[in-house]
Amino acid sequence: MAQVIDGKQLASQVLEDAAAEVEWLKHHFESVPGLAVVLVGDDAASQIYVRNKIKRAKEAGIASFEHYLEADTSQATLDALIQELNDDPGVHGILVQLPLPEHIDEARIISSILPEKDVDGFHPANVGALSQGRASLVPCTPQGCLIMLRHVHQDLSGKNAVIVGRSNIVGKPMAALLLQENCTVTIAHSRTRDIRKVCQEADILIAATGSPGLIQSDWIKPEATVIDVGINAIEVDGQRKLIGDVDFDGASQVAGAISPVPGGVGPMTIACLLLNTTRAAKNQLT
Ligand code: NAD
């Protein structure tokens with residue numbers, strides 16, 4: 001049976017590191033890191049994500065500034081809010097919860113956040129820096145996945161890594177991070193031919209598709225490490241249940257290590273957001 005990678009446990013260690021950084025900043029600069037969270041509209045999943053992020057930020061001693069805007073908020077109003085937060089010295093990190101309503105130009109909003117306050121790591125300047133291997137604010141989910149992988153493997157060098165999913169927020173930055181670790185990286189996606197065969201070659205398999213249970217046990221190389229990023233809400237016997245992109249029960253018979261859903265990548269993502277916030281504050285204060 002595979003080792004189960006406990007995201008909650010690892011996340012609590014990362015949160016402790018973030019809290020220690022907060023104390024250090026308080027002591028040396030008499031300043032507390034500030035995180036502004038912007039939520040536009042009333043998407044139920046986004047509300048839960050935002051609530052969790054704010055709760056954890058407060059626990060780590062980070063000041064949170066919450067901005068809840070109506071779904072029909074105009075682009076101009078949102079632009080003005082980002083400008084205000086960019087100019088506020090008490091705000092060190094700005095998080096705009098995605099997705100934004102369709103009438104808002106998401107790319108424009110992301111690009112308008114000051115790169116040094118972009119704690120999601122989605123600004124083109126931070127994306128470019130990551131691809132050149134000199135990023136300071138790395139997207140939270142892939143950063144969390146890398147911490148999980150390092151927990152299992154002392155050295156990732158030379159390993160064959162397959163990432164299923166090519167989104168800007170998970171798949172692509174994950175590939176950049178694993179290249180820096182000297183992995184041989186393949187990105188597979190919905191147009192990949194014979195995707196099962198591609199996955200069977202993976203020492204490290206990262207699933208980030210949003211396709212529930214896509215990855216079955218016969219896609220997995222024996223003893224591979226499997227990280228399941230997917231969060232999919234399904235109904236079983238009338239009950240709502242969250243599952244990943246990997247068939248956990250089958251995969252854990254074959255893999256060497258596997259992350260569960262829930263309790264895997266999710267808590268790591270939030271912990272890395274807070275680590276990024278303390279990093280951003282430190283960069284701005286020092
Ligand atoms: P996305 O929809 O932007 O991208 C999905 C990617 O998967 C695409 O590149 C697509 O080509 C690929 N894909 C979809 N179906 C496929 C299939 N059948 N075979 C092969 N490839 C396929 O999604 P995203 O934003 O990257 O999120 C992916 C999943 O991860 C979602 O379930 C999302 O909820 C979850 N997620 C979790 C966290 C976390 O903190 N745990 C963070 C971000 C996203």
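Quick housekeeping. This is a predicted model, in which local features need pLDDT of at least 70 and side-chain atom pairs count only at pLDDT 80 or more, while totals for chains, interfaces and linings use all residues. Residues are numbered from 1 along each chain as its sequence is written. When I say helix or strand, I mean a DSSP run numbered from the N terminus (H or I, at least four residues, for helices; E, at least two, for strands). And two strands pair if DSSP finds at least two bridges between them.

Back to that pair: opposite Thr 225 you'll find Ala 257 in S11. Both strands belong to an open sheet of 6 strands, with parallel pairing, in the order S1-S11-S8-S7-S5-S6. At the edges sit strand S1 (3-4) and strand S6 (184-188), each pairing on one side only. Packed on this sheet is helix H6 (residues 140-152), which touches strand S7 (204-207), S8 and S11, and its direction makes about 155° with that of S8. Touching here means residues in contact, with C-beta atoms, placed from the backbone, within 7 Å. For the angles, axes are lines fitted to C-alpha atoms, for helices over the stretch in contact, and the angle runs from 0 to 180 degrees between N-to-C directions.

There's a second sheet too. What is its strand order? It's S3-S2-S4, an open sheet of 3 strands, and the pairing is parallel. Its edge strands are strand S3 (63-69) and S4, and each pairs on one side only. On average, neighbouring strands in this sheet are turned by 15° against each other, direction ignored. Strand S2 (residues 34-40) pairs with S3 in the parallel sense over 7 bridges, and Gly 34 has Ala 63 in S3 as its bridge partner. Two helices go with this sheet. Helix H2 (residues 44-59) lies across S2 and S3, running at about 170° to S2. Helix H3 (residues 75-87) packs on the sheet as well, touching S2, S3 and S4, with its direction at about 175° to that of S2.

Now the helix-helix packing. Helix H1 (residues 7-29) packs with helix H10 (residues 265-285) at an angle of about 15°, their axes 8 Å apart. So H1 and H10 are roughly parallel to each other. The cut-offs for those words: under 35 degrees is roughly parallel, over 145 roughly antiparallel, 65 to 115 roughly perpendicular, and the rest oblique. H1 passes H10 in a left-handed crossing, meaning the near helix is turned anticlockwise from the far one by less than a right angle; clockwise would be right-handed. By class, the H1 contact with H10 has 18 nonpolar, 3 polar and 4 charged residues. For the classes, Ala, Val, Leu, Ile, Met, Phe, Trp, Tyr, Cys and Pro count as nonpolar, Asp, Glu, Lys and Arg as charged, and the others, Gly among them, as polar.

H1 also meets H6: their axes come within 11 Å and cross at roughly 105°, so H1 and H6 are roughly perpendicular to each other. On the H1 side we have Gly 7, Leu 10 and Val 14, meeting Ile 147, Met 148 and His 151 in H6. The residues of that contact divide into 4 nonpolar, 2 polar and no charged.

And then H2 with H10, packed at an angle of about 55° with axes 10 Å apart, so these helices are oblique to each other. H2 passes H10 in a right-handed crossing. Asn 52, Lys 53, Arg 56 and Ala 57 of H2 make the contact with Ile 270, Leu 273 and Leu 274 of H10.

Last, the loops. Which peptide bond joins Leu 98 and Pro 99, cis or trans? It's cis, with omega about 0°, and Pro 99 lies in the loop between strand S4 (93-96) and helix H4 (106-112). From Val 261 to Pro 262 the peptide bond is cis too, omega near -5°, and Pro 262 is in the loop between S11 and H10.
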